[in-house]
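This report describes one protein chain for a reader who has not seen it before. Please look over the sequence and the structure before reading on.

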Amino acid sequence: MNDNKTWGIADAWSTAFAAQPARELSPRNYIYATELGKAPVEVWLRMHAVAPTNPPNDRAKMKMEAGKVVEGIVKFVFMRAGILKEHQVEANTTVEGVEIHGRLDFIAGGKPDLAQGMEAVKMLDMIDESLGRAGKAVIEYMVEHFPEGLPEQPFEVKSIGTFGMDAMENSRRAIKIHRYQTEHYLFTKNFQSAELSYICRDDFRMIEHAISASPESKKEYMDAVLELKPWITSETQPPNAPMLIFDTEAGKFSKNLDVSWSSYLTLIYGFKTPREYDEPYGKMATNWNRVLKRLKNGD
């Protein structure tokens, strides 16, 4: 035995979480629910199986895997509480001639089982006391507030970083592409309501947004579908996304995340890295917002 030799698990850990295989691209004549609200040019290139010039790096892959871990914890609590009906539910439909494929995180509901749920708490406690405490609080809450059972509904879980969570707490609105995705599940599976939940990867804050089958939600969903419809069968590549956008919900100019997060950032816009785009256009958005504020104040 060599007492001077140390060991660790970082290499194996990082390799495992970064080993997420890329989805194999092949030409298709349908879109995914996750593509609703995204730039048509991005969706069109994916539909035509064009290889991304800026695929996710290892860090981005690990963030996606962290989201799956968070989703797995929610699944475990639902399952052990006896309210998990279905997981990773296929949700495909055709709307206005547009074929849309999706996969819903959960359908949950029914009467929670306190005794079974407490067994789940013990197992979570073995991993970490805080997880057990959270699981216990959730199960006790469901039993106390819904003694006759919870209505079944779609339940979509998203993990997000601190910056995004802070912005959402200020706006009090879910991110639009996630709303469209949840609306797709809501209308495809014929439910009256769905829950869109965000969990912060950094501090475990949670925000929930109820999405109802209202005329407003239906119109929002249809508008997102119709925006992509002209390009589904088009042989012409759609125009590039604008470099700056005016966010009507926030009431200000901002960088366009469709550009910054594009898998085709170099191919479409000529930037090698997101930073090359973010720095100049972030400053431009700040300057425009300063002028906008002066106009609003009459200065």
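How many of the 11 residues of β6 are buried? The model is a predicted one, and in this model 8 of the 11 residues of β6 are buried, so that the strand counts as mostly covered.

**The chain as a whole**

The protein chain has 299 residues, of which 39% count as buried. Its secondary structure consists of 11 helices and 10 strands. The C-alpha trace spans about 65 × 55 × 50 Å along its principal axes. Among contacts between residues at least 6 apart in sequence, 68% join residues at least 24 apart.

**The sheet that holds β6**

An open sheet is formed by 5 strands, and their order is β2-β5-β6-β7-β8. The pairing within this sheet is mixed. β2 (84-90) and β8 (206-212) are the edge strands, each pairing on one side only. On average, neighbouring strands of the sheet are turned by 25° against each other, with direction ignored.

On one side, β6 (residues 150-160) is joined to β5 (residues 103-110) by 4 bridges, and these two strands run antiparallel. A108 has Q153 in β6 as its bridge partner, and F106 has F155 in β6. S159 stands opposite I199 in β7.

Two helices lie across strands of this sheet. Helix α6 lies across β6, β7 and β8, while helix α7 lies across β5, β6, β7 and β8. The table gives their residue ranges and their angles to β7.

| Helix | Residues | Angle to β7 |
|---|---|---|
| α6 | residues 162-171 | about 130° |
| α7 | residues 176-188 | about 145° |

β1 pairs with β4 (residues 98-101) in the parallel sense, over 2 bridges. Y32 stands opposite H101 in β4.

**The second largest pocket**

What lines the second largest pocket, and which residues are the closest to its centre? The lining is made up of 26 residues, and the closest to the centre are F78, V138, F155, M206 and E208. One of these, F155, is the residue of β6 that is the bridge partner of F106.

Several elements give two or more residues to the lining: α3 (58-80), β5, α5 (129-145), β6, β7 and β8. The largest share comes from α5, with 7 residues. By type, the lining residues divide into 20 nonpolar, 4 polar and 2 charged.

**Summary**

β6 is mostly covered. Helices α6 and α7 both lie across β6. The strand is also among the elements that give two or more residues to the lining of the second largest pocket.

Key:
Residues are numbered from 1 along each chain as its sequence is written. This is a predicted model: local features need pLDDT of at least 70, side-chain atom pairs count only at pLDDT 80 or more; totals for chains, interfaces and linings use all residues. Side-chain values use heavy atoms; hydrogens and water are left out. Two strands pair if DSSP finds at least two bridges between them. Axes are lines fitted to C-alpha atoms, for helices over the stretch in contact, and angles run from 0 to 180 degrees between N-to-C directions. Contact means heavy atoms within 4.5 Å. On a 1 Å grid over the protein atoms alone, a cavity is a set of points where a 1.4 Å probe fits but cannot get out, and a pocket is an open set with protein on both sides within 12 Å along at least five of seven lines; lining residues have an atom within 4 Å of a point. Ala, Val, Leu, Ile, Met, Phe, Trp, Tyr, Cys and Pro count as nonpolar, Asp, Glu, Lys and Arg as charged, and the others, Gly among them, as polar. Buried means under 20% relative accessible area, exposed over 50%, partly exposed in between (1.4 Å probe, protein chains only).
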